[in-house]
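Dear colleague,

Please find below the structure that I am passing on to you. I would be grateful if you could read the notes that follow alongside it.

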Amino acid sequence: MTTTTDLPKQYTPADHEPRIWQRWLDANAFHADPDRVLNGEAPPYAVVIPPPNVTGALHLGHALNNTIQDVLVRAHRMMGYETIWLPGTDHAGIATQTVVDKRLKSEGKPALVDYKKIEAEGGNGREQFTAQVMAWKDEYEARITAQLQAMGCSCDWERQRFTMDKVCARAVREAFFRLFKNGLIYRGKRLVNWDPVTQTALADDEVEMHEVDGAFYDLRYPLVHPAAKGEHHKPVTWGELAARGMPGAEAHPDDEQAWVTVATTRPETYLGDVAVAVNPRDPRAAALRGLRCRLPIVGRIVPIIEDDYVVLPVAFGGPAGDAKAEMSTGFLKVTPAHDPNDYEIGRRHEAEIEEACSAGTWLINVMAPDATISADHGWTDINDAKIFLGKTREEARKLVISEFKARTVAEGQEGSLLDRTRPHRHSVGHSYRSHAVIEPYLSDQWYVKVTDDQLKGNALRAMAPNQRSGATLQNLGGTGVPPVTTSSLPEQEEPAGDGQLRFYPDRYSKTFESWHENLRDWCISRQLWWGHRIPVWSGTLTVDANTDPHTATDLIVSGLWEILHDDSRCAAAQVFDESGEPIALDDVLAIHHRDRTYQFFVCLDGRYQGNETALEDLGFVQDPDVLDTWFSSALWPLSTLGWPDPDQSPDTRHLLDAFNPTSVLCTAREIITLWVSRMVMFNRYFRGAESSEQQNSGTADRTARPSSAATSESAAPSSSRHLPGPLPFRDVFIHAMIQDGEGRKMSKSLGNGVDPMDIIASHGSDAMRFTLCHMTTQTQDVRVPVEPDPKTGKNTSPKFDLGRNFCNKLWNASRFTLSILHKSPEAADVSTADVRTLALADRWMLSRLTAGVRAAESSLAQYQFSAYATTLYDLLWRDFCDWYLEAIKPTVAASPQQRAVLRTTLDAICRLLHPVAPFITEAIHEQLRQAPGGSIDGIELTPPRKGDTLCTAGWPITDDALIDPEADAAFERARALVAAIREVRAQHQVPPKRAITLHCAETPDDETAALVRTLANVDTITADAPAGPSVAFSFEQREHKLSNLADAVDAGAERERLTKQIAELDKSIGALEGRLNNPGYAERAPAHLVEQSRAQLEQAKADRDAARAALDTLA
RNA sequence: GGGCGGGUAGCUCAGUUGGCCAGAGCGUUCGCUUUACACGCGAAUGGUCGCCGGUUCGAGUCCGGCCCCGCUCACCA
């Protein structure tokens, strides 16, 4: 039998956590059964974990993120949902590759650069290197799993995924293939964010902007006349310009060569200039029309083009105060291969530039992939500029400046080519990984056309209507596409999900919305080795005039056609002709296109074995690049549920139908834009595709569409009738970011990072969880002061004392409860009728409990985790421990009914607390289950479903009839009287053990009296006046006295107390009178408030008079 | 520059449609080895709710303006 002596006075988490974890696993408590959902036995509740990077171990932010998920998951499991929480990790391409490379270097082992050499020499360097990364991944995946398990995360651990495992890889192949086939993935030569250190392209969101001290360099470009190819370009003089009406030209000597001034922060890119642009509204534009500039040193002749993009300088009509207009010269150097805006300008004037620029092209790339100046990547007219070759960007910049400074516009002319230098602080993009300055760099990359309405449009239409701004609704034109109704889940409504995506807190919907409004196509190729290799094979093919693919003897052509024209081989091709223009596959064979060379990009979905070797036998080569990590992350709610083939393996069987859409995604706000968006787009796109395919194949006949529509639909290509599918999740909860005590982000380099394992060691898992939950308000950041643990030296935080103390309180309350229950084993059940006859404290406790259940439920439903934790903190500590347990001490041993209330209340509190403090509540509940005690009608406590585990037991169901306003009020009155007496006791320093006497004209009812005796240590309550010295106080407008406080009352202390009390009361009388004398108040405020104020005034006056009288007696 | 968040007790933070004298935890002070808990119990101290103006009988809460702090997007002419 358990008594207090069996349980230690302090809760020691380490004694219980591992043991209880094992019990949960043994009971298979977290394993979900999708068939219970599909059979209608239980509604689904599904969460996919935001997969932590295998780059490193989890930090406190992850602890918060996963605590929140576990709270939701455990609560819903107890509420009767079939609950699944899918765990897993993310391969984090560039981050992990970089980290492993660094580690190899620091250990003096062969690193990336060495493996690249091996690969270049024909060895298997790539394979060897990725094997190293895989070893790292195994190490950290295990560590992350251990951390999550130590935290008590109730994931379905048999279904753990990794973004590069077989199931996820299958999803990536399928997704890429479908997008490729439908033209939503394309290849393009574009400017990308290039990291010259890691030598890979980066997505826009992987670029960090940092302020940098730089300068504007104003460069002079000499003006020349156009000339035929190879002939001399005559200088343009200021005199000529003046004659053409150029404002300002007359200020220069007539016979000197004229120039235009461009301003730049990156002078070294001038080597790639192909034009100088001027705004057509610039008054100088007309005079310069048709003229050329000669790039100094390079000697390239470039045209002057007119484009609205160029900002007018203030002097020529630009808006005063506008930063750009203030510093603009009105002339913009155009370097399409090294600046995204210039790229757009260049494209607009492509023909004009190619005709007039002496290089004959509009794109001149002057850098190598490592960002040194190079003539090997698209630059031919080097001339005297060879002095720059091989220089880094920084060296080249200095050299350009010094060369310009040393030269003049024309020989013998005054003034340097460097007009002036102005210091300028501005933001420059840096790689989030290597921190190198990003170079806009021209290269071939793969893109997802996320700007297509099938992706972006459906992401926006997914938003809940009342979280959309009006403007966007108009932009999209109407209410959007009606939802598809092809659900395999009859009990779910509208899985297609238009208007069902909801953000908590709702302000984050704005971020989501505006992200999409500015969306650009997504560059998904990365020049890395760690990741999903792009499933595209490329090759060139010459189709000669005599080829007939159906009878071809040419092995290549026939072999390729065999692959491409057999649907079961799951291959799709994008073809380009010699000029790089896309061309339809069938047109390749059309007569007029024959005898040409084509570049083929063939995508294979990987299902048909043999395609890859067949293609490679034909001389095709797989793209060496890998996919952006987010491509696989975007598929996470699909891939973890087994998409596209959930029935392929037992661990994913039926998951997709049962659990997608999932219920909620919990994440931090830094992720909203990229990840949430991409998951929404992909889920809707890929599951939508399934819907339309089902309809086309005629297997799904749930929608009563007219047959004519169905016919035309099946005739159309699938991409043109693509219907949006369901959401990946309905709710998105965005939680705070954890910072240290100074508001800084936690990081390894600052040394302020906290490992959840260290908190678990110092405070316990439940304490950490409870504290994190308690901190989770609607705010965007939370601070956790970091201190080294005095014992271990590891980082911890006194913040977690809150949770530790709370757990200890729960432990001791339970210990005490158990000892009471075991001391008096006879039990009694309490019927609905009996409830009314219970003691005041019991009725009050049941009322509080019922209200607490309601509050906890509504807090969780609204993702108000702090409110949930606070509710339980107060319910346990304030109500149950401070008042209820203290109140029943004298009576509980003799009352089996009271013991039923006691036992039931603690049981219910354990259930309410279990989601946030699973270990300790499980430990208590295993004791409580064995303790004797009756039940209470109106409180339903369902037993465990699996094993003897609280985690699969039922959430408490309480009848609102137990809410008892009379008991609440009566108890509140008793509590106020106790508080008044305690105040006097404290002020007079009455020893706690000394029982005192209460004198009041009208003695309280028995129940109140009993509570006062117990809680204020009063032994006698009498209507008689005190015989000896006493102290007066006022309660409910009546004078009360306390006597037997001490052998003599300290008159000085008493005088001080009363004087202070009178002052306070006078103040509040003044305030109340002021309010009541305000004529507007009595007239316009609600009557009950006016009445209340009047009552308060009377009470305050009575209390003050009583206090004055008492003061007078003292004197 | 655009958007978002924050500024409430010494510290960390609550305060949901405007309504008693603005709350909690920690800290501080005083008293307690009260037969569950000192990771505790009882009591106390502590605030011009960033500033200015407005609406209202009444504003921490609503409106306008301003000042700080943070995040985020855009911007390398």
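This is a predicted model: local features need pLDDT of at least 70, side-chain atom pairs count only at pLDDT 80 or more; totals for chains, interfaces and linings use all residues.

RNA strand B is surrounded by 63 residues. The closest of them are Phe216, Thr265, Arg1075, Arg1084 and Gln1096. Sorted by class, the surface near RNA strand B is made up of 23 nonpolar, 18 polar and 22 charged residues. Helix 27, which spans residues 801-823, supplies the largest share of this surface, with nine residues.

Individual contacts involve both kinds of atom. A polar backbone atom of Ala263 is 2.9 Å from a sugar or linking oxygen of RNA strand B. Bases are approached as well: an N or O atom in the side chain of Ser427 is 3.4 Å from a base nitrogen of RNA strand B. For Ala813, a backbone N or O atom lies 3.4 Å from a base nitrogen of RNA strand B.

A separate point concerns Asp498, which is found in the loop between helix 15 (470-476) and strand 15 (502-504). Is Asp498 buried or exposed? Asp498 counts as buried because its relative accessibility is 15%, and buried means under 20%. The side chain of Asp498 also makes a polar contact with the side chain of Arg684, at 2.6 Å.

With kind regards

Technical notes: Residues are numbered from 1 along each chain as its sequence is written. Chains are lettered from A and ligands numbered from 1 in the order in which they are written. Side-chain values use heavy atoms; hydrogens and water are left out. A residue is near a molecule or strand if one of its heavy atoms lies within 4 Å of it. A polar contact is a pair of N or O atoms within 3.5 Å; within protein, one must be able to donate a hydrogen and the other to accept it, and residues adjacent in sequence count only if both atoms are side-chain atoms. Helices (H or I, at least four residues) and strands (E, at least two) are DSSP runs, numbered from the N terminus. Ala, Val, Leu, Ile, Met, Phe, Trp, Tyr, Cys and Pro count as nonpolar, Asp, Glu, Lys and Arg as charged, and the others, Gly among them, as polar. Buried means under 20% relative accessible area, exposed over 50%, partly exposed in between (1.4 Å probe, protein chains only).
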